[in-house]
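Reader: I'd like to learn how to read a helix and a chain fold from a model. Could you walk me through an example?

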Amino acid sequence: MLKSTTKLLAGAATVLALGTVSAAADIKIGVLVPDSGPAGLFGPSTRNSATLAAETINASGGINGEQIELVFADVGVPPAEAAQAALRLWKGEGAQAFVGMHDSAVREALIGRFNGQIPYVYTPVYEGNSCATGLYVTGETPSQQLAPVIPHLTESEGVSKWYLIGHDYNWPRDTNALAKTYIADAGGEVVGEEYVPFTVSEFDSSLQRIKESGADAVLITLVGGGSVGFNVSFAGFGLDEQAIRLGTLIEENTLAGIGADNADRLYSSSGYFASIESEAAASFAADFSAAFGADAPALNGLGQSAYEGLMLLAALANKAGSLDVDAMDAAAEGTTWSTPRGDNTLTGRHMAQTIYLADGSGGAFNIVASFGNVASSEACAN
Amino acid sequence: MSSVLFLNLAWQISTLALVALGLAIVFGKLQIMNMAHGEFVMIGAYAPVITSSMGLPGWLQVPMCLLTVALVAFALERTIIRHLYGRMFDSLLATWGIAILLREAVELIFGRGYQSVSPPIGGTLSILGADYPAYRIVVIIGIIVGFAALYWWNTRSKVATRIKAMVGNPDLAEAIGINTARLSAGAFIFGCCTAGLAGLILAPTIRIEPMMGLDYLIRSFFALVVGGLGNLEGLGIGAGIIAGTQSVLGAVANQTYGYLAVLTLSILFLWLKPDGIRSSSR
Amino acid sequence: MVYVLLPVSLLLAVLLLIPELFGDFVAYQIGLYLIYGVAAQGIGYLWGKTGVLPLGQALFFGFAAYVTAITLRAESGLIIDLALATAVLAAISVFSFLLAALIFRGRNESGPYFSLITLALVMIAEQVAGTMTNLTGGFNGMSGFDSLGNLDPFGSFYYVIVAATVVVSLLLYVLNKLPVNLIAKAVADNEPRLQLLGFPTHVVKGAVFAFSAVIAALSGGLFASHQGIVTPTSMGFGLSAEMVILTAVGGRFHVLGPLIGAVIVGWASAELRDSFPYWELLMAAAFILVVLKAPGGIAELLESGYRRIRPAKIGKSFEAIAAPTTKVVDSDAPLRFDDVHLQIGVVRILNGVSFETPPTGIVSVIGPNGAGKTSALNTITGNLRITDGSIALGKRRIDSRPPYKALHSGIGRKLQVPSVFFSMNVSENLSIAMMANRARLIDLFRPSTYQWRSKSLSDLLEHSSVPLQEELVEPVEHLPQGHRQFLEYAMTIAAEPQVLLLDEPCAGLSPDETALMTNLVREYQAETGGLVIVIEHDISIVEAISDKVLVMHLGQVLAFDTFETVRSNPEVQAVYSGGTK
C-alpha cells in the first residue's frame, strides 16, 4: 500500500487510488525522494514519476512476472538520517531494490550501508565516478551533458570565450574540469572560473567579473536557489546581451523562478525536458497530467529521472532473471530499454541516452538540438 | 575603485541596512533574538505573488505586503512573542520554531517552487560611466531617503525613548503611564513590517521561495553585532562593514573568502567589541 | 550512591534490552539517536547549569568525526586509533577551554555574543569542510572505511555506543553530586556574586564548555564509526541547532533529558516524516510549546509526574565538618585611594577621590544619593574600572583587577541589594560561601566539601536571633528581604576577609534585626581585627559603629574624620540640610 501522500493535496487522492491497484504486489521497491531540504521542490514530481513507472511496469507484467509495489522514504535530510530512512525500507519493510533521487552525499552514505547487497539505481544528474557493486546510474554525467553541446553552441552561437561559475562543491568542480577540455577541443578558451559558497546569495561581484572578462558564454553549475538568484541578476545587469548561458541543472522549476524576462539565450542541457516532442515523451506527459491533474508539480528532468530509474531496474532485472546483485551486475552491460527520453543502453553501468539542448528564452524550454545515444565516459567494470 | 564596484557597494550596503533595520528594532530594542526575521522578508517578497494570483493591480503590492506581514506579526506577537520579553535565549529558540512554522505555511499555500517577480522599472541606466540596472538605482536612492527620514523622525519622536525606558525597566515604564504591552507589540509589528517591505523591494532581484529567509537572517545579525544595537548610525556602519567586506573581497579575491572574512570579522567584533564598533569600552 | 547507580543501571538495562526485543536494526537506529543524545547531554550540562547556550557544538562533533574518518581510512590499527582519539580530545578540550575562557574574561554574564561566536565558528567550519575537497571529500563527504575495531555497525558496535552513553551519563550523575555542580549552577544563578566569592567564572565556564566540547567530540567519533561517512553537514549549523532542540525538548536540567529528547524526536521524525506530511509543522509547534510552557522539557514533566507519586524527601540533615582554614592573605594594611577618577560614557562619577583608611576599625561612608559611594566600593572590588588614579591595599595596587581577585586580596563584599544564589537553598548558598577562599580544585570533586562549616559561621547560625535555617529546602528567592540580607552577610564573612565592604547591610531590616546586624559587624571586626567599610544612611547606626566617617559628595571626599568631627563640619551640615548644592 502506498501510505504516503504528496504534500499537495490535489495529487493525494490519485496516488491513493493508484495504490490500491498494486495491492497484490510481490516485490517491494524502495524509492528515495527528497521531500524536505533544499531539493524538497523535486519531491512531488519524483514521487509521481515513480508511481507512473510502477504502473507501467506492472501493466507490462512486472519484474520477472511479479507485481511491484513502491515504498517511499524522504531522503532530503543529512546523509546519516537519509541512510536510516533507506534502511527502514530495506530491513523494516523488506524492499528488494532501491531507486534514489537525491544528492551525492546521501549516495555515498547509502553505498556504504548497502554494501553491494541490494540493487540500487541512482537517477539524478551527477558528477560521475561512482562504481559501487550493485549501483546503476541513469543520471546524466558532465561528459554527456557537455561533450556534444559545447561544440554545438560554439558552432551555432559563435561563442568562444567561456566563463565557468558554480557552487563550491564536487559536482561543479568536476563538471568544469571536463568542460575545459571540451572548450579547448572546440577552439574556445576559458576566461574565468569561479566557485561561490552555498550561503552566498549576491552575485554582483561575479557579474562584474563576467562583464570585464568579455565572456560570450557562461557555463552555470550553480544549483537551485543560487542559480535563480544568479540568472535574475545576470539579466538585470543586461549581461544577457553580452553572453549566452548554458546550465547543466536548469530545469523547469528553476526556469520559472528565473522568470521569462530574465531567460533570454539561457540554454539548458539535459536528458529530459517536459517539452520533448517525441511520441513516447508526449504520451508520458499526457499520462502524468491525467494521473496527477493539471495542477501537479511541473515535470522536470530530476523528477522524471525516477521513472527512468525504475524502468532501468525492471529492464535489467528482467534480463538478469532476478533481483540478485551478482546476476544483475553480470547482465548489466548492454541492457537496452526505451523511455520518454528515447532509446537507452547501459554501458559501464551508466545510461547512454539522448541529450537535449533547450533554449529557455521566453520562459519555456524549446528543444533546439538533440544528440542520440550519448554514452557517459564512466566505465564501471562488472 | 571602479564605478560599478562603487554602485555594487551602495546596493549591498543599503539593502542590508534595510533588511537589518527590522531586526535592529526587534533585537536591539525589544531584546527578542528573532530567528524568524528572514521569514518576514520572505513573506514580504511573496506579496507580488499574492496580488498577481488574486488578479489585483500592481500598486496594491505595498499595502498587501504591509497588511500580510502585519497580520502575521500581530498574531505571533499575541500568541508567542509577548511571553518572551526578557527571555533572550528562549526567544531565540521559540522564534527558530516560528521560522520553521512560517516556511512550512508558505510552502503549503504557494508550494516549494520558485516564484518570479518582474521589476516595475526595467533596463539599465548609464551612471558614473557604468551600465547599472535602473531599478537598483531607484532602490538605493529610495533607501537613502527613507533612512534620512527615519533618522529625522527618530531624533524628534518620543517613541524610541519610551521603548528604551520600557526595556530598561518595564514596571517603572508601566507606572509612568507607558502601555508596555501595546508599545512592544507595536514595535515588533513595525520591525517585521520593515523586513517585509525589504522583501518586497528586493523581490525582483532575488530568488523567491519558502527557504530564502535564512540568507538574510545571518547577515542581518552580523551587521547588527558589528554596528552595535543602539542606533541607526550603528546599523549603517555595521551594514557597511559586513556588506563592504563581502563585496570588496568578493570582487578582488572570491566569494568564499568574502564569506569567511565576514564570519571572522563578526567573531572578532563579538569577542572584542560585543557592544559594536561605536562603543568605547571593550 | 543509590541516586547515581539506580538510574544508570536502569538506563543500561533498557539499552541492552533493545537489540534483544526489537532486533539489530532498531538497535542500529537507536544507536544514532544515542550518539546525538550524548552530544546533547554535553549541551544540556553546559546550558542547564551555567546558562551558556552553544550554537556551534557540531564544530567539535564534526571535527572529531572527520579525524576519525581519516584515521580509520588509514587502517593503522586500534591502538593508534585510540591514541589519536585521546590526542584529539585533549586538543579539543584545550582549544574550547581557551575559546570560552578568553571570550568570557572580564565579563560577568553570558549574553548572546558567545552563542553567536560559536554559530559563526561552525559556519566557517562547515564552509571549510565543504571546500577542502582534498582533505575532507568536500560536499560528498568522506566514506569507505570500516568502523572502529572493525565492529559491525549493525551489530556489536551498538554496545560501544551503549558503553559511551552509560559512561557519560554516569559521569554526569556523579558530577551532579559533587560540589563542582554547585559552582557550575551558581554561574547561571548569580555570576557577579560568584566572582566576589573569588571564583574566576570565565575559567569555570571555559572548563564546562571544554567538557561539553569533549563530549560532543566523543560522540562525533562514534558517529563516523557508526555511519561510515562524514559530510560537512556533520560539522554544520543545522546539526548544531538540531542538538540544541533535542536538548531543549528533552530537558536541559536533567542528565537523561537530552538522551530522552534525542531518542523521542529522532524516532518520531523517522516514523512521521514519511507518513505524516506536516511533521515539520508539528515539530515546530511542539518545540515552541516546550520553550513557552515547559522550559524543563520532557524530563521535567516526567519528574513532576513521578514526584506526585513519590514526593522528594525533605530536610536531610548532615554532619558539619570543620572547614580548612582560609588561604592566608596579608592585607592588614590601610586602603588608600589616590586621586581616583571614574567616568562612564560622559558621566563623571568619581572626581579625584583620595583618602587612606586606618589599617583596622570600622569606617562608615555617607553622602547623598549619587555621591559615588557604591561606585567607590565597585572600584575597590574591580566591578568598575577607574579611569585615572590608583587604589592600593597596603603596598599592592588593586584597581583594574577583575572582581574575582578581590577576595584573594582579602576583600569581601556585600552588595546593596542582597545578592545570593536565588535558585538554591540556604544550605547550598552557605556551602558555596564556605568553599570561597578555602577550596582547592580537588576539593570541588569531594562530596565532603559540602559539609564544611567554619566556627565563625556556625556561631553566626547558632545565634538565636539570626533567621537562617539550614534545613530549609526552598530556594532562597522565597525568603524575605531581611533574611536574604543576613544570608548574604553570612556568605560574605564565611571567607573571613580582612577587608569587609558592606553596602547598606541594614536596608529593609526591622529595628531588632538592625541591632543584630550592627552587633554582628562589630563582633566580626573585633574578632578579625580587620577593616570594615560600611555604606549607611541611618546616622544613628553610623554613630554607633564608626571609628571614622567618610563623607562623599558629587564624586569627591567632603570629609574624613571621626563621627564627632564630621558632624560639626559646616560643609557636611550644608550638604545634609540643604541637599545638594
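**Reading a helix and its surroundings**

Author: Gladly, and keep in mind that this is a predicted model.

Reader: Which residues of helix 6 of chain A are buried?

Author: First the general idea: an α-helix has 3.6 residues a turn, so residues three or four places apart point the same way. Here, in helix 6 (residues 149-157) of chain A, the buried residues are V149(A), I150(A) and L153(A). Viewed down the axis of helix 6 of chain A, the buried residues fall within an arc of 95°, so they line one face of the helix.

Reader: What follows helix 6 of chain A?

Author: G158(A) does, with a positive phi, near 65°.

Reader: Into which domains is chain A divided?

Author: Domain 1 covers 9-140 + 277-347, and domain 2 covers 143-270. Contacts link 13 residues of domain 1 of chain A with 14 residues of domain 2 of chain A. On the domain 1 side, these are seven nonpolar, four polar and two charged residues.

Reader: And chain B: how many helices and strands does its secondary structure have?

Author: Chain B has twelve helices and two strands. Its radius of gyration is 19 Å, close to the 19 Å that the globule rule gives for 282 residues, so chain B is as compact as a globular protein of that length. Of those 282 residues, 55% count as buried.

How values were computed
Residues numbered from 1 in each chain as written. Chains lettered and ligands numbered in written order. Predicted model: local features only at pLDDT ≥ 70, side-chain atom pairs only at ≥ 80, totals over all residues. Buried ≥ 20, exposed ≤ 12 C-beta atoms within 10 Å, placed from the backbone. Helix = DSSP H or I, 4+ residues; strand = E, 2+ residues; numbered from the N terminus. Arc of directions from axis to C-beta. Domains from an automatic or database assignment. Contact = placed C-beta atoms within 7 Å. Nonpolar A, V, L, I, M, F, W, Y, C, P; charged D, E, K, R; others polar. Rg over C-alpha atoms; globule rule 2.2 N^0.38 Å.
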